[in-house]
Amino acid sequence: MVRIQCSQCQHPISNEVTTCPQCGHPNEQQPLPEVKRKVSWMLFLGIVFLPYIFVWFILRKGYKLTTQAIALGWLAFMLYTLTIEFYEIAYPQIVPEQQVISYEQTTQLNDATSHHY
Ligand SMILES: [Zn+2]
(Lines give C-alpha, C1' and ligand atoms only; values in the text may rest on other atoms or scores of the structure.)
Protein backbone atom coordinates (compact mmCIF):
# COMPACT_ATOMS: atom_id res chain seq x y z
CA MET A 1 0.00 0.00 0.00
CA VAL A 2 1.40 3.36 -1.05
CA ARG A 3 0.18 6.76 0.07
CA ILE A 4 -0.60 9.09 -2.80
CA GLN A 5 -2.37 12.40 -3.11
CA CYS A 6 -5.84 12.84 -4.52
CA SER A 7 -5.58 14.84 -7.74
CA GLN A 8 -8.76 16.70 -6.87
CA CYS A 9 -8.45 17.70 -3.20
CA GLN A 10 -4.79 16.75 -2.39
CA HIS A 11 -6.05 14.53 0.43
CA PRO A 12 -3.57 11.69 1.15
CA ILE A 13 -5.17 8.44 0.00
CA SER A 14 -4.05 4.85 -0.48
CA ASN A 15 -3.15 3.83 -4.03
CA GLU A 16 -5.41 0.78 -3.57
CA VAL A 17 -8.67 2.67 -3.23
CA THR A 18 -10.76 3.31 -6.34
CA THR A 19 -12.18 6.65 -5.17
CA CYS A 20 -10.99 9.34 -2.77
CA PRO A 21 -12.75 8.95 0.61
CA GLN A 22 -12.58 12.72 1.06
CA CYS A 23 -14.15 14.03 -2.13
CA GLY A 24 -15.15 10.89 -4.08
CA HIS A 25 -12.85 11.70 -6.99
CA PRO A 26 -11.81 8.52 -8.86
CA ASN A 27 -8.26 7.40 -8.17
CA GLU A 28 -6.51 7.55 -11.55
CA GLN A 29 -3.72 5.20 -10.46
CA GLN A 30 -6.18 2.45 -9.66
CA PRO A 31 -7.44 0.72 -12.82
CA LEU A 32 -11.18 0.13 -13.00
CA PRO A 33 -12.24 -3.36 -11.91
CA GLU A 34 -12.15 -6.13 -14.52
CA VAL A 35 -15.23 -5.82 -16.71
CA LYS A 36 -15.88 -9.49 -17.36
CA ARG A 37 -17.13 -11.30 -14.28
CA LYS A 38 -18.36 -14.78 -13.71
CA VAL A 39 -21.37 -15.45 -11.53
CA SER A 40 -20.19 -17.18 -8.36
CA TRP A 41 -22.17 -20.06 -6.89
CA MET A 42 -23.19 -17.92 -3.92
CA LEU A 43 -24.53 -15.22 -6.22
CA PHE A 44 -26.23 -17.82 -8.41
CA LEU A 45 -28.04 -19.33 -5.39
CA GLY A 46 -28.90 -15.84 -4.18
CA ILE A 47 -30.48 -15.04 -7.54
CA VAL A 48 -32.40 -18.33 -7.62
CA PHE A 49 -33.92 -17.85 -4.16
CA LEU A 50 -33.94 -14.07 -3.69
CA PRO A 51 -33.81 -12.50 -7.16
CA TYR A 52 -35.41 -9.29 -5.87
CA ILE A 53 -32.17 -8.58 -4.00
CA PHE A 54 -29.41 -10.30 -5.95
CA VAL A 55 -30.40 -9.32 -9.47
CA TRP A 56 -29.26 -5.78 -8.67
CA PHE A 57 -25.76 -7.07 -7.90
CA ILE A 58 -25.57 -8.48 -11.42
CA LEU A 59 -26.91 -5.31 -12.99
CA ARG A 60 -24.41 -3.14 -11.14
CA LYS A 61 -21.22 -5.02 -11.82
CA GLY A 62 -19.82 -5.79 -15.25
CA TYR A 63 -21.52 -9.07 -15.99
CA LYS A 64 -22.35 -10.33 -19.45
CA LEU A 65 -25.49 -8.92 -21.06
CA THR A 66 -26.98 -12.39 -21.53
CA THR A 67 -26.45 -13.15 -17.82
CA GLN A 68 -28.19 -9.91 -16.91
CA ALA A 69 -31.04 -10.69 -19.30
CA ILE A 70 -31.52 -14.16 -17.80
CA ALA A 71 -31.41 -12.72 -14.27
CA LEU A 72 -33.99 -10.08 -15.17
CA GLY A 73 -36.20 -12.70 -16.81
CA TRP A 74 -35.99 -14.83 -13.67
CA LEU A 75 -36.86 -11.78 -11.54
CA ALA A 76 -39.90 -11.11 -13.73
CA PHE A 77 -40.96 -14.75 -13.45
CA MET A 78 -40.57 -14.70 -9.64
CA LEU A 79 -42.55 -11.47 -9.37
CA TYR A 80 -45.27 -13.00 -11.57
CA THR A 81 -45.39 -16.10 -9.34
CA LEU A 82 -45.51 -13.90 -6.24
CA THR A 83 -48.42 -11.93 -7.69
CA ILE A 84 -50.34 -15.14 -8.35
CA GLU A 85 -49.60 -16.38 -4.82
CA PHE A 86 -50.74 -13.05 -3.44
CA TYR A 87 -54.05 -13.34 -5.26
CA GLU A 88 -54.52 -16.90 -4.03
CA ILE A 89 -54.03 -15.71 -0.44
CA ALA A 90 -56.19 -12.64 -0.92
CA TYR A 91 -58.96 -14.56 -2.69
CA PRO A 92 -58.70 -18.17 -1.50
CA GLN A 93 -60.64 -20.79 -3.42
CA ILE A 94 -63.23 -22.62 -1.35
CA VAL A 95 -62.11 -26.21 -0.84
CA PRO A 96 -64.86 -28.73 0.01
CA GLU A 97 -64.37 -29.86 3.61
CA GLN A 98 -64.61 -33.57 2.87
CA GLN A 99 -61.47 -33.41 0.74
CA VAL A 100 -59.38 -32.01 3.58
CA ILE A 101 -58.45 -34.90 5.85
CA SER A 102 -55.81 -34.14 8.45
CA TYR A 103 -53.18 -36.65 9.56
CA GLU A 104 -54.97 -37.18 12.88
CA GLN A 105 -58.21 -38.02 11.18
CA THR A 106 -56.45 -40.56 8.96
CA THR A 107 -54.81 -42.32 11.92
CA GLN A 108 -58.12 -42.36 13.76
CA LEU A 109 -59.68 -44.03 10.76
CA ASN A 110 -56.88 -46.62 10.72
CA ASP A 111 -57.28 -47.26 14.47
CA ALA A 112 -60.99 -47.74 14.08
CA THR A 113 -60.58 -50.33 11.31
CA SER A 114 -57.50 -52.24 12.55
CA HIS A 115 -58.07 -52.62 16.29
CA HIS A 116 -60.83 -55.17 16.42
CA TYR A 117 -59.61 -58.16 18.47
ZN1 LIG B 1 -10.09 13.89 -3.03
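**Notes on the predicted model**

1. *Confidence.* The protein has an average pLDDT of 81, and 74% of the residues score at least 70; pLDDT is the predictor's confidence in each residue, from 0 to 100. This is a predicted model, in which local features need pLDDT of at least 70 and side-chain atom pairs count only at pLDDT 80 or more, while totals for chains, interfaces and linings use all residues. Residues are numbered from 1 along each chain as its sequence is written. Among the elements, helix 3 has the highest mean pLDDT (91) and helix 4 (residues 103-114) the lowest (64).

2. *Layout.* The protein has four helices and two strands, in the order β-β-α-α-α-α along the sequence. Helices (H or I, at least four residues) and strands (E, at least two) are DSSP runs, numbered from the N terminus. Of the 117 residues, 8% count as buried. Here a residue is buried if 20 or more other C-beta atoms lie within 10 Å of its own, exposed if 12 or fewer, and partly exposed in between, with C-beta atoms placed from the backbone.

3. *The core.* Ile 47, Phe 54, Val 55, Ile 58 and Ala 71 make up the largest nonpolar core. Helix 2 (residues 51-60) contributes the most to this core, with three residues. The term stands for a set of buried Ala, Val, Leu, Ile, Met, Phe, Trp, Tyr and Cys residues joined through C-beta atoms within 7 Å. Leaving out residues up to four places away in sequence, Phe 54 touches Leu 43, Gly 46 and Ile 47; a contact means that two C-beta atoms, placed from the backbone, lie within 7 Å.

4. *Helix 3.* Helix 3 has 26 residues and reaches 37 Å from its first C-alpha to its last, close to the 38 Å expected at 1.5 Å a residue. That expected span is 1.5 Å times one less than the number of residues. Helix 3 is hardly covered, with one buried residue among its 26. Thr 67 lies in helix 3 and counts as partly exposed, with 16 C-beta neighbours inside 10 Å. Beyond its neighbours within four places in sequence, Thr 67 is in contact with Val 39 and Ile 58. Thr 67 and Val 39 are 28 residues apart along the chain, and their C-alpha atoms are separated by 8.4 Å.

5. *The record.* An unreviewed UniProt entry lists residues 39-59 and 71-90 as "transmembrane region"; such annotations may be inferred rather than shown by experiment, positions are in the numbering used here, and feature names are shortened. Residues 39-59 are 86% helix and 0% strand, with end C-alpha atoms 12 Å apart. For residues 71-90 the values are 100% helix, 0% strand and 28 Å.

6. Gln 10 is exposed, with 11 other C-beta atoms within 10 Å.
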